[in-house]
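Please read them alongside the coordinates.

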Amino acid sequence: MTDRIAIRVRIAGRVQGVGFRAWTEAQASALGLSGWVRNEADGAVLALLAGPEDRVAQMLDVLQEGPAPARVATVETTPGDWPAEAGFRISR
């Protein structure tokens, strides 16, 4: 069995106004991850990813690219707390 982890991810670059949150929700849901994604006031996107370590790693790989109109400059991770709810959602 794979270890389960939770991490916070801050994605910077051209990541707002390009469908990044909806794309992230779809990708994370397809991988069976729990957590959320939201826009930050500084133009970045912040996400909490929780689930099997290998699937979280897959999600980090796809976040490096983002959806077609996005231009990801940096992806930074820090440890996160396990989400209270199962499933993945867009947070406001």
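1. Arg-10 is partly exposed, with a relative accessible area of 28%. Here buried means under 20% relative accessible area, exposed over 50%, and partly exposed in between, using a 1.4 Å probe and protein chains only. Arg-10 forms a salt bridge with Asp-42, and the closest N and O atoms are 2.3 Å apart. A salt bridge is a side-chain nitrogen of Lys or Arg within 4 Å of a carboxyl oxygen of Asp or Glu. Arg-10 sits in strand β1 (residues 4-14) and Asp-42 in the loop between β2 (34-39) and β3 (45-52), so the pair ties together parts that are 32 residues apart in sequence. Asp-42 counts as exposed, at 53% relative accessibility.

2. This is a predicted model, in which local features need pLDDT of at least 70 and side-chain atom pairs count only at pLDDT 80 or more, while totals for chains, interfaces and linings use all residues. Residues are numbered from 1 along each chain as its sequence is written, and side-chain values use heavy atoms, with hydrogens and water left out.

3. The structure holds two salt bridges. Besides the Arg-10 and Asp-42 pair, Arg-38 and Glu-40 meet through their side chains at 2.8 Å, N to O. Arg-38 is partly exposed at 25% relative accessibility, and Glu-40 is partly exposed at 26%.

4. The protein chain has two helices and five strands, in the sequence pattern β-α-β-β-α-β-β. Helices (H or I, at least four residues) and strands (E, at least two) are DSSP runs, numbered from the N terminus.

5. Two strands pair if DSSP finds at least two bridges between them. β2 and β3 pair in the antiparallel sense over six bridges; Ser-34 has Ala-50 in β3 as its bridge partner.

6. Contact means heavy atoms within 4.5 Å.

7. Which residues of α2 are buried? They are Val-56, Met-59 and Leu-63. Seen down the axis of α2, these buried residues fall within an arc of 55°, so they line one face of the helix. The arc is that of the directions from the helix axis to the C-beta atoms. The cover over the buried residues of α2 includes β1, α1, β3 and β4.

8. For the chain as a whole, 38% of the 92 residues count as buried. The C-alpha atoms fill a box of roughly 35 × 25 × 20 Å along the principal axes. Among contacts between residues at least 6 apart in sequence, 78% join residues at least 24 apart.
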